[in-house]
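Try each task yourself before you read the steps under it.

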Amino acid sequence: MLGQILRKGREDKGFKTLELARITKIDGALISKFESGQRKPTFQQLQVLAQLFELDFSWLHVQWIKEKILAEFGSETSTLLALKEIIEEFSSETTTKQDPNIDFVLAEIEKLKVKLQGNT
């Protein structure tokens with residue numbers, strides 16, 4: 001999904017892959033791998049691409065995190081249990097100031113949890 005988002009962002013802005021590579025100083029072959037899903041951009045590369053494509057970085061960052069979790073841990077039951085614990089920890093932290101994007105992130109984690117439950 002992230003690859004599709006990045007490809008659409010590039011195409012919507014009318015960039016060819018090599019032109020985007022020149023502008024961002026990210027290797028063109030690497031950009032192609034991002035778009036095909038073979039590689040994930042770094043956090044810094046994601047920031048550059050989000051800004052250039054005028055994409056909401058918070059939303060794009062969540063998509064990046066979701067894909068990294070699935071790539072690293074798969075749809076194992078233990079992944080689901082870990083995500084549940086993360087949600088519980090975030091939910092119980094009522095004494096700290098809550099980032100306005102945390103509700104969005106928690107909602108995305110819930111979606112991922114539902115997806116993982118469907119695979120177990």
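**Exercise 1.** Where is the place of Ile 26? Work out also whether Ile 26 is buried or exposed.

*Solution.* Keep in mind that you're looking at a predicted model.

- Step 1: Look between helix 2 (17-24) and helix 3 (28-36); Ile 26 sits in the loop there.
- Step 2: Check the accessibility. Ile 26 has a relative accessibility of 6%, and the cut-off for buried is under 20%, so Ile 26 counts as buried.
- Step 3: See what Ile 26 touches. Skipping neighbours within four places in sequence, its contacts are Ala 21, Ile 31, Phe 34, Gln 45 and Leu 49.

**Exercise 2.** Find the phi values of Lys 25 and Glu 54, then decide for each residue: buried or exposed?

*Solution.* Start with some background.

- Step 1: Most residues other than glycine have a negative phi.
- Step 2: Lys 25 isn't a glycine, yet its phi is positive, near 60 degrees. You'll find Lys 25 in the loop between helix 2 and helix 3.
- Step 3: Glu 54 also has a positive phi, near 55 degrees, and belongs to the loop between helix 4 and helix 5.
- Step 4: Exposed means over 50% relative accessible area. Lys 25 comes in at 75%, so Lys 25 is exposed; Glu 54 has 62%, so Glu 54 is exposed too.

**Exercise 3.** What span should helix 5 have, and what is the distance between its end C-alpha atoms?

- Step 1: Helix 5 covers residues 57-73, which is 17 residues.
- Step 2: The expected span is 1.5 Å times one less than the number of residues, which gives 24 Å for helix 5.
- Step 3: Compare with the model: the end C-alpha atoms of helix 5 are 24 Å apart, so the two values agree.
- Step 4: Now list the buried residues of helix 5: Leu 60, Val 62, Gln 63, Trp 64, Lys 66 and Glu 67.
- Step 5: Peek just past the end of helix 5, where Gly 74 has a positive phi of about 65 degrees.

**Exercise 4.** How do the axes of helix 4 and helix 5 cross, and which residues meet there?

*Solution.* Take the geometry before the side chains.

- Step 1: The axes of helix 4 (residues 43-53) and helix 5 come within 10 Å, crossing at roughly 140 degrees.
- Step 2: The crossing of helix 4 and helix 5 is right-handed.
- Step 3: From helix 4, Phe 43, Leu 46, Gln 47 and Ala 50 meet Phe 57, Leu 60, His 61 and Trp 64 of helix 5.
- Step 4: Sort the residues of this contact by class: six are nonpolar, two are polar and none are charged.

**Exercise 5.** Which residues is Phe 104 in contact with, leaving aside neighbours within four places in sequence?

*Solution.* Jump along the chain for this one.

- Step 1: Phe 104 lies in helix 7 (residues 102-119).
- Step 2: The contacts of Phe 104 are Ser 58, Trp 59 and Val 62.
- Step 3: Take Trp 59: 45 residues separate Trp 59 from Phe 104 along the chain, but their C-alpha atoms are 8.2 Å apart.
- Step 4: Phe 104 has a relative accessible area of 27%, so Phe 104 is partly exposed.

Conventions: Residues are numbered from 1 along each chain as its sequence is written. This is a predicted model: local features need pLDDT of at least 70, side-chain atom pairs count only at pLDDT 80 or more; totals for chains, interfaces and linings use all residues. Side-chain values use heavy atoms; hydrogens and water are left out. Helices (H or I, at least four residues) and strands (E, at least two) are DSSP runs, numbered from the N terminus. Buried means under 20% relative accessible area, exposed over 50%, partly exposed in between (1.4 Å probe, protein chains only). Contact means heavy atoms within 4.5 Å. Axes are lines fitted to C-alpha atoms, for helices over the stretch in contact, and angles run from 0 to 180 degrees between N-to-C directions. A crossing is left-handed if the near helix is turned anticlockwise from the far one by less than a right angle, and right-handed if clockwise. Ala, Val, Leu, Ile, Met, Phe, Trp, Tyr, Cys and Pro count as nonpolar, Asp, Glu, Lys and Arg as charged, and the others, Gly among them, as polar.
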